[in-house]
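Subject: A structure for you to look at

Dear colleague,

I am handing over the structure below, and after it you will find an account of what came out of the analysis. Please keep the model open while you read.

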Amino acid sequence: MSKHLKVLERAGLVTRGRSAQRRPAHLRAAPLVDVSAWLEHYRRFYEGSLDRLGEHLAQLQTPAAHPPTDPQGS
């Protein structure tokens, strides 16, 4: 558990104090707002890209998209 808290502390998401024998940890949620906004931009970008890819693949799978070819060229 302490390793996880150290990682979160280095990331600035947790602050730790000292109270006698205890080391209370406090969540700092404000930095998560910045991360969420940054991720939202990329989420929209990748969702749009994946939607376009799905549409392209669906077109490739329809018979009208690939008319049968005559292997003898006639």
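This is a predicted model: local features need pLDDT of at least 70, side-chain atom pairs count only at pLDDT 80 or more; totals for chains, interfaces and linings use all residues.

Residues are numbered from 1 along each chain as its sequence is written, and side-chain values use heavy atoms, with hydrogens and water left out.

The chain as a whole

The protein chain has 2 helices and 2 strands, and along the sequence they follow the pattern α-β-β-α. Of its 74 residues, 5% are buried, and the accessible surface of the chain comes to about 6800 Å², of which carbon and sulfur atoms account for 60%; accessible areas come from the Shrake-Rupley method with a 1.4 Å probe, and for residues only the protein chains shown count as cover. The mean pLDDT (the predictor's confidence in each residue, from 0 to 100) is 83 for the chain, with 86% of the residues reaching 70 or more. Confidence is lowest in strand 1 (residues 14-16), at a mean of 84, and highest in helix 2, at 90.

The nonpolar patch

Val35 also belongs to a nonpolar surface patch of about 1100 Å², whose other members include Leu32, Trp38, Leu39, Tyr42, Phe45 and Tyr46. Patches are made of residues with over 30% relative accessible area and no salt bridge, like charges being joined within 9 Å and nonpolar side chains (Val, Leu, Ile, Met, Phe, Trp, Tyr) within 5 Å.

Aromatic pairs

A pair of aromatic rings is described by the distance of the centres and the angle of the planes. Rings of Phe, Tyr and Trp (its six-membered ring) pair if their centres lie within 6.5 Å, and planes under 30 degrees apart count as stacked, over 60 as edge-to-face and the rest as tilted. The whole structure holds 2 aromatic pairs. In one of them, Trp38 and Tyr42 have ring centres 5.0 Å apart and planes at 55 degrees, so this pair is tilted. Trp38 and Tyr42 are 4 residues apart in helix 2, which means that about one helical turn separates them. Trp38 is exposed at 53% relative accessibility, whereas Tyr42 is partly exposed at 35%. Phe45 and Tyr46 form an edge-to-face pair, with 4.9 Å from centre to centre and 75 degrees between the planes, and Phe45 is partly exposed, with a relative accessible area of 46%.

Salt bridges

Side chains of opposite charge can pair when their charged atoms come close. With a salt bridge taken as a side-chain nitrogen of Lys or Arg within 4 Å of a carboxyl oxygen of Asp or Glu, the structure holds 4 of them. Arg43 takes part in a salt bridge with Glu40, where the closest N and O atoms are 2.3 Å apart, and these two residues are about one helical turn from each other because they lie 3 residues apart in helix 2 (residues 30-61). Arg43 also meets Glu47 in a salt bridge at 2.8 Å, N to O, and that pair is 4 residues apart in helix 2, again about one turn. Salt bridges with shared partners join Glu40, Arg43, Arg44 and Glu47 into one network. Arg43 is partly exposed at 38%, as are Glu40 at 27% and Glu47 at 41%.

Another salt bridge links Arg16 and Glu9, with 3.5 Å between the closest N and O atoms; Arg16 is partly exposed at 21%, and Glu9 is partly exposed at 32%.

With best wishes

How values were computed. Buried means under 20% relative accessible area, exposed over 50%, partly exposed in between (1.4 Å probe, protein chains only).
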